[in-house]
Amino acid sequence: MPAAAPPLLGNDSDESVFVARQPIFSADQEVWGYELLFRSSASAQTAQVTDDDLATSQVIADGFTLARPGLHEGQRMLVNFPERLLLEETALALPPDICVVEILETVAPTEAVLDKLRQLKAEGYTIAMDDYAGEPELEPFLDVADILKMDILALGSDPQRIRDALAQIGGRKLRLLAEKVENEEVFRTCAELGFELFQGFFFSRPEIIPGRKVPAGMAAKLGLLKELSDPDFSAERIAQIINTDPSLSYRLFRYVNSAAFGLRSRVESVSHAVNMIGQRPLARWLQAVILADLNPSSRASEVSFLSLQRARFLENLAPAIGLPPQNAFTLGLFSLLDSLLRVSMDEILAQLPLEEEMASALMGICDCRMGFALDLARGYERGDIKGIGSAAQALGLKRSDADRACVEALAWVQDVLAESKH
């Protein structure tokens, strides 16, 4: 089985922590890094801290430790810092070669804050300035920042307004990051205006090519995904499928013989592996492999990651929100197939005959339990506290339970994908 998630801070009466990661892409849509979104509680609007400096460091360290296993060599992690954490030098708990200190938009450029930022730069940290839109009062930050994040949505995604904001930078050499990039058109516009890095939901909102159909090979894999989602799917059938694919067999051997299982003897056959692992965990692994294989691009890998995280998150919450665990997992797993395959959800559902409520939820036209469950998952992915609260209330769910489910899901998907790769 995959390794257990790291322990959470405290319990329902203390601080819990949830984290989400948002990918940051380069102009060629390779993953440059991630923004780590963390909160000390689901009700916190920012990374609230206590008077205990050690507890403050632990909140950040736990979130960073949880997200770090998914980071590849050379990739960076942006971590938000409110004023108090900057002044208390909490960033020194994180490695400067990986961590980028992001100044939250609520921080004013006081001399004390600017002095701390200069000290962090001297220690080798990269400084990013959040939510810039050309405000004159934020100009002092431009002299210490390395990366400038511009809120494209706040500027109406208007090329002229973006140019006007860029004009305020003057001759400073700053790396430009366009955040809240909502679609492919805005992405291309920002690239033409000189932005090097991009962040937003455009990777999960596909540009549909009119008339495009699900390719035959993909349709077969979609059918296999559907078959694997059946709770009565037999372990013998799984073994038969894997035995027909040398690559799958090899990857299965790597997976089951990994340290995560702690087996005393080596597994030497697919049937043996199936019996050792069990039907449900092996079906989960096979779903992860198929999903990752549907589209090998870097952007698609992020969509696969997000799909699996949603699936596990909803599965964890299934008993509390009145859904069968298998159905909840399938809902999350299929929720981004349109983005992954870059075809419409209508076309995909034609290949995946699903029950009416699930199909409606996947289409976004269902004010139902499954629809609210997807809203909750999206809230965590975006760090949308208001959205999390609204969806949790609709589901009759305690936020602390959702926090725990989110943390465990992130740890689980990182373990599963790490073991499913070639």
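## The largest cavity

The lining of the largest cavity is made up of 5 nonpolar, 1 polar and 2 charged residues. Here Ala, Val, Leu, Ile, Met, Phe, Trp, Tyr, Cys and Pro count as nonpolar, Asp, Glu, Lys and Arg as charged, and the others, Gly among them, as polar. The residues in question are Gln309, Arg310, Phe313, Ala377, Tyr380, Glu381, Cys406 and Ala409. At least two lining residues come from each of helix H12 (298-321), helix H17 (369-382) and helix H19 (399-420). Helices are DSSP runs (H or I, at least four residues), numbered from the N terminus.

What is a cavity? On a 1 Å grid over the protein atoms alone, it is a set of points where a 1.4 Å probe fits but cannot get out, and lining residues have an atom within 4 Å of a point. The largest cavity holds about 50 Å³ of space, where a volume is the space filled by probe spheres set on the points, and points are joined across faces, edges and corners.

## How the model is read

This is a predicted model, in which local features need pLDDT of at least 70 and side-chain atom pairs count only at pLDDT 80 or more, while totals for chains, interfaces and linings use all residues. Residues are numbered from 1 along each chain as its sequence is written, and side-chain values use heavy atoms, leaving out hydrogens and water.

## An aromatic pair

The structure contains 3 aromatic pairs (rings of Phe, Tyr and Trp, its six-membered ring, with centres within 6.5 Å). One of them joins Phe313 and Tyr380 edge-to-face (planes over 60 degrees apart), at 5.3 Å centre to centre and 65° between the planes. Phe313 belongs to helix H12 and Tyr380 to helix H17, so this pair ties together parts 67 residues apart in sequence.

## Two packed helices

Helix H11 (residues 279-293) packs against helix H13 (residues 325-334) at about 10°, with axes 12 Å apart. That makes H11 roughly parallel to H13 (angles under 35 degrees).

Terms used: Axes are lines fitted to C-alpha atoms, for helices over the stretch in contact, and angles run from 0 to 180 degrees between N-to-C directions. Angles under 35 degrees count as roughly parallel, over 145 as roughly antiparallel, 65 to 115 as roughly perpendicular and the rest as oblique. On a 1 Å grid over the protein atoms alone, a cavity is a set of points where a 1.4 Å probe fits but cannot get out, and a pocket is an open set with protein on both sides within 12 Å along at least five of seven lines; lining residues have an atom within 4 Å of a point. Rings of Phe, Tyr and Trp (its six-membered ring) pair if their centres lie within 6.5 Å; planes under 30 degrees apart count as stacked, over 60 as edge-to-face and the rest as tilted.
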